[in-house]
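I opened this entry to keep track of what I looked up, one item at a time. The notes follow the order in which I checked things.

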Amino acid sequence: MAAPAAPQARSSKTESYVDNKRKDDIRQANIVAARAVADAVRTSLGPKGMDKMISTASGEVIITNDGATILNKMEVLQPAAKMLVELSKSQDVVAGDGTTTVVVIAGALLKQCLLLLSHGIHPTIISDSLHKASIKAVDVLTAMAVPVELSDRESLIKSASTSLNSKVVSQYSTLLAPLAVDAVLSVVDPAKPDLVDLRDVKIVKKLGGTVDDTELVKGLVFDKKVSHSAGGPTRMENAKIAVIQFQISPPKTDIEQSIVVSDYTQMDRILKEERNYILGMIKKIKATGCNVLLIQKSILRDAVTDLSLHYLAKAKILVIKDVERDDIEFITKTLNCLPIANIEHFRVEKLGFADYVEEVSLGDGKIVKITGIKDMGRTTTVLVRGSNQLVLDEADRSLHDALCVVRCLVNKRFLIAGGGAPEIELSRQLGAWAKVLQGMESYCVRSFAEALEVIPYTLSENAGLNPITIVTELRNRHAQGEINAGINVRKGQITNILEENVVQPLLVSTSAITLATECVRMILKIDDIVTVR
């Protein structure tokens, strides 16, 4: 039988076959790549999650449990997988905690999307149903949440310690959680109670001691020592502190030029002038009664010379030099003073006042503490200690997470149970809602509901429990109306999680779900990758 000469006869109006294979392949590749990233951090979810050791190209080693840090340090080349890295970053910005959760949820959603796509459902339909489901999910979560007051310190501490439980420093959560709460509450401005700027909490890391020695300092801490060059004072009571941004050293010419000196008398004149110039400056400084100088690092010339240090020591002025440019704003806000940019503007009004400025030796180094500041700005300093650099960095990151959790509670004052309870509840309610919907939407919402079970599943898996039994039992409990039933990882069974004090801010859960769905919808909509050389 001869092949029919159809192609010539067929008019352009009728359907012709378009090859969709490539688009499906690209989508498949994107989803597989993104899921690989999600699986990489899956094991570090929850209080029994494992830590990752990241060895960078430069040879530094980082041990961490924080999803955002892990993904940030991973060299991800596939563009769709990069989106998951960005996703955990944005969760870090919005909520600060739940960076692993958000990636794991996105991975589970992508897995379900693969299934739906293989059933031949169009990506746009999946994407729209995801959007609807995520809006519904946020409503369900909000209905579950318990309002909290900022005066209720206990609840704030509970949520901070829940955040710390999954970290390496979890055994110190009794110390770090109250510390984080106090730090955030001390920088909350009563005039604008919803805004907390975490830049007002400065974390100073110092090697030596253990994490137990971490403390909250009402005042300032410099990770430097006082300049001891000419036997100047190392502690000062009733300090009057000036933050200066000019140099106390002989002036240099602006352009490269050399001064030719022909005989010694001229040389002496130059030296004498230099000396008088510096003395004049120091007299002006001393005249205001200032006795502590914080000197900003200078690029152009030495901020202080040996000669000026000698005169400053004679004038009994304590000097801390090489203050970083970025710290100036924080310092002036704390001391409630103004930075002084020129010696002519050196006035009493611009000074800050404190009871004590002293040098304290810690471990192998020394730090400078300024305490008892008068009219102190709303800032606070946390001095973190640790036995090695890895522990220090991880303590810093964990503390940052805890601070973010408290900040979330300040912004949106609702608590929600942890331990996989909200996810199972969502899964249950969305499953019920899917039965009401019609057509393809119902399918998509149901698979979205199934995807959310990945959180309790992974939690129990990381804790070494049997995930299938646990999740089934959990569903059963929720179906009976126990909204707050969750996985108690310590006891290895299901209990009322609110009574076990495992709580998290509402903002963490809602932003995790909205961000994850947004990212998945984005990946679904991509049907081709065009590389531009």
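I began with the side chain of Thr-100, which reaches the backbone nitrogen of Gly-67 at 3.4 Å. The model is a predicted one, and I read the distance as such.

I then asked what else Thr-100 touches, leaving out residues up to four places away in sequence. The list is Val-41, Ser-44, Leu-45, Asn-65 and, again, Gly-67.

Thr-100 belongs to helix H5, which covers residues 99-118. I followed H5 to its packing against helix H15, residues 454-462. The angle between the two is about 115°, and their axes are 10 Å apart. I noted the crossing of H5 and H15 as right-handed.

Next I wrote down which residues meet there. From H5 they are Thr-101, Val-104, Ile-105 and Ala-108; from H15 they are Val-454, Ile-455 and Thr-458. I sorted the residues of this contact by type and got five nonpolar, two polar and no charged.

I stayed with H15 and asked how many of its residues are buried. The count is seven of nine, so H15 is largely enclosed by the rest of the structure. The buried ones are Val-454, Ile-455, Pro-456, Thr-458, Leu-459, Ser-460 and Asn-462.

My last item was a sheet. I found three strands in the order S4-S13-S5, forming an open sheet with mixed pairing. S4 (201-207) and S5 (215-217) are the edge strands; each has a single partner, so one side of each is left without a neighbour in the sheet. From one strand to the next the twist averages 25°.

I looked at the pairing of S4 with S13 (residues 380-386) in particular. The two run in the parallel sense, and I recorded seven bridges between them. For a residue pair across these strands, I noted Val-204 opposite Leu-383 in S13.

How values were computed:
Residues numbered from 1 in each chain as written. Predicted model: local features only at pLDDT ≥ 70, side-chain atom pairs only at ≥ 80, totals over all residues. Heavy atoms only, no water. Pairing = 2+ DSSP bridges. Helix = DSSP H or I, 4+ residues; strand = E, 2+ residues; numbered from the N terminus. Axes fitted to C-alpha atoms, helices over the stretch in contact; angles between N-to-C directions. Polar contact = N/O pair within 3.5 Å; in protein donor to acceptor, adjacent residues only side chain to side chain. Contact = heavy atoms within 4.5 Å. Left-handed = near helix turned anticlockwise from the far one by under 90°. Nonpolar A, V, L, I, M, F, W, Y, C, P; charged D, E, K, R; others polar. Buried < 20%, exposed > 50% of the residue type's maximum accessible area, 1.4 Å probe, protein only.
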